[in-house]
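This report describes the charged surface, the salt bridges, the nonpolar core and several spatial contacts of one protein model. The sequence and structure are shown first.

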Amino acid sequence: MRYVFLIFACLAVLWCFGQEANTIDLSEFQLENNTSPAFVLIGEAPSEIYVPENLKALTIHALSNLGGSLSVEVSPYYFINTKSEDRTYFRFIGVEKDGEQYKQKPFSGLNTTTLSFGYANKEFENVAEGERKTFSIGIRTRLLRFYNKEEVIRYYDEVSAILAGVDYPVEVLLRLQQTGDEEEKAGMIREFWDLEKLKKYSKPVKPVFQVDGALGYGTLFKENRIDSGTLNRFGAWLTSAFSLILNKGATRSTTNNYFNVLVIARYVEDGYTLASDKLYYRDIGGKAALEFGNFSFGYEYIKRNGTVSSERSVGNISYAINKDITLTGGFGKDFAGTDNLFTVFGINWGINMGKSTF
């Protein structure tokens, strides 16, 4: 009778909690982005050319002496229908299994949309002397993306094979049945995964090619008084990126290392001026970046034409302390101005809210 009970207990636990063993929390994903469209618009970004995989519900960017400038970026997708069984990682990236075939959906990136809100207290070239408080909002979404479908399928099949081979001892199954804490159950199951084999799958696969679209709008007061009137700035831009994985097939690496080439095209209507007319710009530029483990190095160059012609030449570096916190910095020449030396240092903090999972 005892053995019959054990058999039924094993079946019940596997049926109830098997899916939890294959569920991963957003906190397990590496924070990718080190700025936001709200910051890019007002010139506070360590890098103005980027296309992140922002797998965090909320991200805080604190730059310029860690608080002189602040941006908050929200991903609405992670707050909507969080317990739906359709929220799989492969559906999120747009590579889904249809029968025996995998199909790629290159225009399915709406779920990557983010909303950002920024604040900065800084001097602007065409405004009266002294620092001005400026506020900005931004939106970004993925317009197009193509993965190496074979690489994604290989990851899926290998991870599935590893998880399918887990052999849970009877005593573990009984402990699972006796505890009522869902997080504890998931943790107990993970203890028996082959973690060494799973380490190389700890970082998501980047698209081979992707295109992001972004909009931003900012406003500042002419003087530091509420009744002084406002000046406004608007920008719209497209950013494309090509990513080449450098350690394909590596068996020991816990990260995917990449060489990235990015291109940006941007239009700006700049009302941050005391002159009667707005300034108009058309920007085009490129960036090369390397990702090795927790470090990322990049150099970007943007040529600006319009009312005033100038250029931006900036190098940037970031270091991931852990999956949720990244340090970032930039140094170089900003667009034309009396003081065009650009230096910035800050911290980016990704927060998982609502227990959102894939």
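## Charged surface patch

Glu123, Glu125, Glu129, Glu131 and Asp339 form a negative surface patch. A patch consists of residues with over 30% relative accessible area and no salt bridge, with like charges joined within 9 Å and nonpolar side chains (Val, Leu, Ile, Met, Phe, Trp, Tyr) joined within 5 Å. Lys and Arg count as positive and Asp and Glu as negative, while His and the chain ends are not counted. The place of a charge is taken as NZ of Lys, CZ of Arg, CG of Asp or CD of Glu. Accessible areas come from the Shrake-Rupley method with a 1.4 Å probe, and for residues only the protein chains shown count as cover.

The model is predicted: local features need pLDDT of at least 70, side-chain atom pairs count only at pLDDT 80 or more, and totals for chains, interfaces and linings use all residues. Residues are numbered from 1 along each chain as its sequence is written, and side-chain values use heavy atoms, with hydrogens and water left out.

Helices (H or I, at least four residues) and strands (E, at least two) are DSSP runs numbered from the N terminus. Glu123 counts as exposed because its relative accessibility is 52%; the classes are buried (under 20% relative accessible area), exposed (over 50%) and partly exposed (in between), with a 1.4 Å probe and protein chains only.

## Salt bridges

The structure holds 14 salt bridges, each defined as a side-chain nitrogen of Lys or Arg within 4 Å of a carboxyl oxygen of Asp or Glu. Side chains of opposite charge can pair when their charged atoms come close.

One of these bridges joins Asp270 and Arg233, whose closest N and O atoms are 3.0 Å apart. This pair links distant parts of the chain, with Asp270 in strand β9 (residues 258–270) and Arg233 in strand β8 (residues 230–245), 37 residues apart. Asp270 counts as buried because its relative accessibility is 4%, and Arg233 counts as buried at 13%. Asp270 also has a neighbour in space in Asn232: the two are 38 residues apart in sequence and 6.9 Å apart, C-alpha to C-alpha.

Arg312 takes part in a salt bridge with Glu300, with 3.0 Å between the closest N and O atoms. Here too distant parts of the chain are linked, Arg312 being in strand β12 (residues 310–320) and Glu300 in strand β11 (residues 295–306), 12 residues apart. Arg312 is buried, with a relative accessible area of 0%, and Glu300 is likewise buried at 0% relative accessibility.

Arg312 also meets Asp334 in a salt bridge (3.2 Å, N to O). Arg312 lies in strand β12 and Asp334 in the loop between β13 (325–333) and β14 (341–351), so this pair ties together parts that are 22 residues apart in sequence. Asp334 is buried, with a relative accessible area of 18%. These residues belong to a network of salt bridges that links Glu48, Arg266, Asp283, Glu300, Arg304, Arg312 and Asp334.

## Nonpolar core

Which residues of the largest nonpolar core touch the most other members? Of its 14 residues, these are Leu55, Tyr78, Ile93 and Phe358. The elements that give two or more residues to this core are α4 (89–93) and α5 (149–164), and α4 gives the most, with three residues. A nonpolar core is a set of buried Ala, Val, Leu, Ile, Met, Phe, Trp, Tyr and Cys residues joined through side-chain atoms within 4.5 Å. In soluble globular proteins, nonpolar side chains tend to be buried together.

## Residue pairs separated in sequence

The table gives C-alpha separations for three further pairs.

| Pair | Separation along the chain | C-alpha distance |
|---|---|---|
| Ile49 and Tyr301 | 252 residues | 9.2 Å |
| Lys149 and Val208 | 59 residues | 9.6 Å |
| Phe345 and Gly330 | 15 residues | 6.6 Å |

Ile49 is placed in the loop between α2 (37–41) and β1 (58–63) and is buried, with a relative accessible area of 0%. Lys149 is found in helix α5 and counts as partly exposed at 25% relative accessibility. Phe345 is in strand β14 and is partly exposed, with a relative accessible area of 46%.
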